[in-house]
Amino acid sequence: MADVFDAYTLSHAWDEMFEAPGTPRRAYERVFAALEHLDPDEVRFRAEQVARAFTDGGVTFAFGGEERPFPLDLVPRVIAAAEWDEIDRGVRQRVRALEAFLADVYGRQSILADGIVPRSVVLTGSGFHRAAHGIDPANGVRVHVAGIDLVRDVDGRFRVLEDNARVPSGVSYVIENRRITARTFPGLFAEHRVRPVDDYPARLLAALRAAAPAGVHDPVVVVLTPGVANSAYFEHALLARQMGVELVEGRDLSCSGNRVRMRTTAGEQPVHVVYRRIDDEYLDPLHFRPDSVIGCPGILNAARAGRVTIANGVGCGAADDKLTYTYVPDFIRYYLNEEPVLDNVQTYRLDDPERLAWVLDSLAELVLKPVDGAGGKGIVIGPQADERTLIRLRATVAADPRGWIAQQPVALSTSPTFVSDRFAPRHIDLRPFAVNSGDDVWVLPGGLTRVALPEGALVVNSSQGGGSKDTWVLADARRRLPREAAAAEQGRAALPPSVVREGVADRQAGPGPAESAQQQQQ
Amino acid sequence: MLSRIAESLFWLGRYVERADDTARVLDAFMHRLLDDPGTDEEAACRTLFAVLGVAVPATESGVCDAQTVLDVLAFDAREASSVVGAWQAAHDNARGVREVISTESWECLNATRLALPAQRRAAGRLGPYAYLRYVRERAALFSGLADSTMSRDDSWLFLTLGRSLERVDMTARLLSVKVLASPYAPDWVTLLRAAGADEPYRITESWGGDPQSAARFLVLDPGFPRSIVHALATAERCLADVADATTGRSSQGRVPRRSRGQALAPSATRIVGRMRTVLEYLDADTLVERLPTVLKELQEACLAASRQIADQYFQYGTPVVWLQGKDS
């Protein structure tokens, strides 16, 4: 029998599971032991079960016009407690800095006056909206939900690849991945003390309620979706369902007198907090694209009047522009007076003519990204690009240096991924999700690990053939998981059966076989 | 609840029931064609199309036979009154209400939709019965799951309302096949079996093969859940509960438009209640003679009630389109 790890080769990239060929890292010892001796057929069987679970649940996406299950790899990504602690601190710090920056930019603009960021960089960003000026969020939060994309470099250090402060998506896959992985490898899952992810919807709802307009004590929260044709519709429905709030489309809302209402079978009902999963450009045709039919005309004025809260706030794109990204470490020092816990990837701005010239000459060794692209769109990875692409890129970048940044290529860390009949290394990243309730930034322990499925590929987006992995954050040995704490508090473990028996009534059963059964057979 | 959601649930209920009932009608009909080779197949098939309100497809040969019936009424996904088309439509409606129906009900709908192509291929080998049976079973599974996993709130009421109205309509059409085209129609036993009613019928009515009693059972039996009177009563109850729920809740918010000066019961309730009363006071002995009129009235009442429900509860905006340029 061929061992499923036989052909696993390590490259110069950091490998999540192995520190040397055949030697797993400590956090992975049990996972490796469980997988090592699996028969490829068995692995394939489980992979099919996983695909089936996603297909039946309708967790699919269109790939080349065909309905495919969301690809979840069987091998979980394991993050040790100490590693997670650094990520947790780093992400929280980053979100606080982005929040402070947005409050400043749409308010006093002291960071521009102090010359930390050039005014032109902020004002020319496509995510900066003048319409957002003067909208003061009730509890000071604009970035209610953030997704900070991290990668791991060759030394195993986590670095921030980009920030998502507008409408980060993917958290539903974190929840679904966990549900399905835990069922596929119940024994393996039980051996680890994995921190739970299923309280995300409750945290989100609490943060949204905390953001309600002033004077509203029992706010009505809704999730605003573009509609069933949207690729993230599954996520919108899942969050609405698990938060127990209405999932609305633009046509369900009406706005008059600066109040937003939804049309229900019992007439129009007020809405106080809109967790929108629609981009700024489509949100309000009165202010942004007039041809938008999925938004709610007038909602922005209602927000300005303090009658409704839009989450995430309008104009958060000013903070997650990729050019702004290069300044975030400065934000952290300026607003928080701290040193960044997580570093950026080495990035070059193209504002300086000399640097621009150097970048244009070194395109083949660099990664070039458009500053307002999302989902891996428009990225050119120099070392993997052909000559024609580079020539075209050179002309595009030279014509619009403001529209691009250059980065040193990062050899994303690799993780064993099931490919046809064995495990092979594939590059992965990590998107932790942070929820800001105003009092506190909470980071979901885990986040979305995305996998670039084609061999050697570095772009992990699912629209470009990416998959995902369940992400297990191990609990600190000294810390109790909430469910363990609850069990201990109730003393359930020590409950003797006799006490239980006293607390329940007797069971009843129906009449047994007739005594005459034997005679009946005569 | 949102008007858009209410509408989707109403149609979800209708389409699942339609898939189920169409499968039942086809089953009975195919049985008849096989059973009696002397039947004029062409005429029988055309009758069935007419009763189900589906246009006879124009084929090259101009022939309309059992295969045409199956191709269109069972397997044509573009036809909303076919088995697969109704299921697809149910699924599409369910997609828009994922957050209000239970995950289990949704998975049942979705898994069935995905399994239908394979079932159809199997039907090519084994005949249509397995396919029709599969759809009936999955519809039963959906109803059972909805029954046991959905709260009895507005969403449940709209789902059940849609199902009941569709059941009235489809049972009426099932009977129309027999009443309007008796020579081509399945016999009463087959019809009863198609409605799942043959055994309850034998228990309730003493068996005599009497057409009066079979029709009476399917139309008037108050205890059998697929009978027309029972389905009407269920729909009536749902409408009353919906009215209570929606006006009751609005007392703390704005007064909705429809309750102003409303001394009369809402009109959908009136239509459904009137139909039920007409049936209940019908002279049971002359039912069969009056059946053609009654069945037509029933189908029209379903149409009218459905329109009234839409007017009353499913009012929501069409997207606002901003005119740009000189003309605006």
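A: Among the contacts in chain A between residues at least 6 apart in sequence, 70% join residues at least 24 apart; two residues are in contact if their C-beta atoms, placed from the backbone, lie within 7 Å. The model is predicted: local features need pLDDT of at least 70, side-chain atom pairs count only at pLDDT 80 or more, and totals for chains, interfaces and linings use all residues. Residues are numbered from 1 along each chain as its sequence is written, while chains are lettered from A and ligands numbered from 1 in the order in which they are written.

Helices (H or I, at least four residues) and strands (E, at least two) are DSSP runs, numbered from the N terminus. A residue is buried if 20 or more other C-beta atoms lie within 10 Å of its own, exposed if 12 or fewer, and partly exposed in between, with C-beta atoms placed from the backbone. Just after α14(A), Asn337(A) takes a positive phi of about 60 degrees.

Another helix of chain A, α16 (residues 387-399), holds Arg392(A). Arg392(A) is exposed, because 12 other C-beta atoms lie within 10 Å. Its C-alpha atom is separated by 23 Å from that of Ser126(A), a residue 266 positions away along the chain.

Chain A as a whole has 19 helices and 25 strands, and 43% of its 522 residues are buried. The C-alpha trace spans about 100 × 65 × 50 Å along its principal axes. Mean pLDDT in chain A is 88, and 92% of its residues reach 70 or more; pLDDT is the predictor's confidence in each residue, from 0 to 100. Within chain A, confidence is lowest in helix α17 (residues 482-490), at a mean of 66, and highest in strand β22 (residues 433-436), at 97.

Chain B has 13 helices and zero strands, and 47% of its 328 residues count as buried. Chain B is divided into domain 1 (1-149) and domain 2 (154-312), with bounds from an automatic or database domain assignment. The centres of these two domains of chain B, taken over C-alpha atoms, are 20 Å apart. In chain B, 29 residues of domain 1 are in contact with 27 residues of domain 2. On the domain 1 side, the elements giving two or more residues are α1 (3-35) and α2 (41-51) of chain B. There, α1(B) gives the most, with 18 residues.
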